Amino acid sequence: MVKLQDLGEFALIGHLTKKMRAYGDSVILGIGDDAAVFRVDGGKYTLVTCDMLVDGHHFWRDRITPEQLGHKALAVSLSDIAAMGGVPRYALLAVGWPSDVDVDYAEGIYHGIEKLAAAHDVFIIGGDTVSAPQLILDVTVIGEMEDNPVTRTGAKTGHLFAVTGSLGASAAGLTLLQNVTSRDVILSAASRQALLRSHLLPQPRVKEGAVILKTGCPSAMIDISDGLASEIYHICEGSGVGAEIDITCLPVHERTRQAGELLGKDYLNWALYGGEDYELLVSLAEENALTVQKELRAMDVDFTIIGKVMVKEKGVKLLLGDGKAVDMEKKGFDHFS
Ligand code: ADP
Ligand code: MG
């Protein structure tokens, strides 16, 4: 008998959905991208996405405040709308509540989600409430856009790969959260707080995604939820291309590097495989990189070129900076591994 864990997350989705009927004309994008996109009667594009967080798997109830948990549950779905360049408008919140949860705690979750929703002008318009053995939060976000969305499938050979912000901070925060002895590590309170916030209160790049789309420059875009390496593979497989990523170019914040050194962890490993940074990974023509860089600079956001789109036959390589190139590991957060 083949078990789910033998297949892995993405093969499982492919296996379960391969016999579904073909979509009608109204579906612009179905399974396989950050959000599904449909259009009724030639109107605006509507985007829909959902993401689930499970206690003991995506978070630990004793290590995250209910406000942070509410924020994070919405943030991860907003990030998928950002990855298409869309504008989020509405959200539905389905919750599985263990019976021992205090009403105060439940209110805290709603406080956190509503605060982030208000910041993005999103309204919570529904959801579902059930009792469950573990706390489960599943947020659906509905968004819209006028232009064609940016998919994972348009990367072209010769284009560059670039990322917003910096990588690895969320994994550093997670390590601090999980590792009790890390309290003894000499990291400034400000750095520790910033890294924990990256993990517990991620800020989805919603405005940045829309600005990037508006430049008309991106050929592909995806949000970094499972880790940079995993998202590079998603774009390469979706677009039928290869990649060359220069490890020396990865934007890693000084405090993330410092935390890595103090904790005896490889910060590049965090940046490549850690995940949950919720930055945007973009491919675009070289001559357009400066345009996007300028737009994002005006928003005080870095946009760093990290590599190149190659022909498929080249595979997905990591340039190590000493002239050596290795195959980039195809690992990241897989729900069944
Ligand atoms: P992301 O990491 O961007 O949130 P996922 O890896 O969760 O995206 O999902 C990849 C694609 O597979 C998406 O298009 C999503 O809608 C689809 N998908 C995920 N789980 C299922 C499922 N159980 N049935 C059908 N489609 C699914
Ligand atoms: Mg995504």
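Reader: What makes strand 8 mostly covered?

Author: Six of the six residues of strand 8 are buried, where buried means under 20% relative accessible area, exposed means over 50%, and partly exposed lies in between, with a 1.4 Å probe and protein chains only. The strand itself is a DSSP run, and such runs are numbered from the N terminus, with helices being H or I runs of at least four residues and strands being E runs of at least two. This is a predicted model, in which local features need pLDDT of at least 70 and side-chain atom pairs count only at pLDDT 80 or more, while totals for chains, interfaces and linings use all residues. Residues are numbered from 1 along each chain as its sequence is written, chains are lettered from A and ligands numbered from 1 in the order in which they are written, and side-chain values use heavy atoms, with hydrogens and water left out.

Reader: Why is Asp223 called buried?

Author: Asp223 has a relative accessible area of 1%, and because buried means under 20%, the word applies to this residue.

Reader: How do you know that strand 8 and strand 10 pair?

Author: Two strands pair if DSSP finds at least two bridges between them, and strand 8 and strand 10 (residues 280-284) have five, in the antiparallel sense.

Reader: What makes Asp34, Asp80 and Asp223 donors of the magnesium ion?

Author: Donors are N, O and S atoms within 2.8 Å of the metal, or 3.2 Å for Na, K and Ca, and water is not among the atoms, so sites may look incomplete. The OD atoms of Asp34, Asp80 and Asp223 coordinate the magnesium ion (ligand 2) at 2.0 to 2.1 Å, so these residues meet the limit of 2.8 Å. Along the sequence, the spacing of the donor residues is D-x45-D-x142-D. The pair of Asp80, in helix 3 (residues 66-82), and Asp223, in strand 8 (residues 218-223), links distant parts of the chain, 143 residues apart.

Reader: Is Asp80 buried or exposed?

Author: Asp80 is buried, because its relative accessible area is 8%.

Reader: Which residues are around ligand 1, and how is that decided?

Author: A residue is near a molecule or strand if one of its heavy atoms lies within 4 Å of it. Among the residues around ligand 1 are Glu9, Phe10, Gly32, Asp34, Asp80, Arg152 and Ser225. Helix 2 (residues 9-17) gives the largest share of this shell, four residues. By class, the shell has three nonpolar, three polar and six charged residues, where Ala, Val, Leu, Ile, Met, Phe, Trp, Tyr, Cys and Pro count as nonpolar, Asp, Glu, Lys and Arg as charged, and the others, Gly among them, as polar.

Reader: What are the distances from oxygen atoms of ligand 1 to polar atoms of Gly32 and Asp80?

Author: A polar backbone atom of Gly32 is 2.7 Å from an oxygen atom of ligand 1, and a polar side-chain atom of Asp80 is 2.9 Å from an oxygen atom of ligand 1. The protein covers 64% of the 550 Å² of accessible area that ligand 1 has on its own, and such areas come from the Shrake-Rupley method with a 1.4 Å probe, with only the protein chains shown counting as cover for residues.

Reader: What joins the side chains of Thr164 and Glu279?

Author: They are joined by a polar contact of 2.6 Å, a term for a pair of N or O atoms within 3.5 Å; within protein, one must be able to donate a hydrogen and the other to accept it, and residues adjacent in sequence count only if both atoms are side-chain atoms. The side chain of Thr164 also reaches the backbone nitrogen of Leu280 at 2.9 Å. Thr164 belongs to strand 7 (residues 160-164) and counts as buried because its relative accessibility is 0%.
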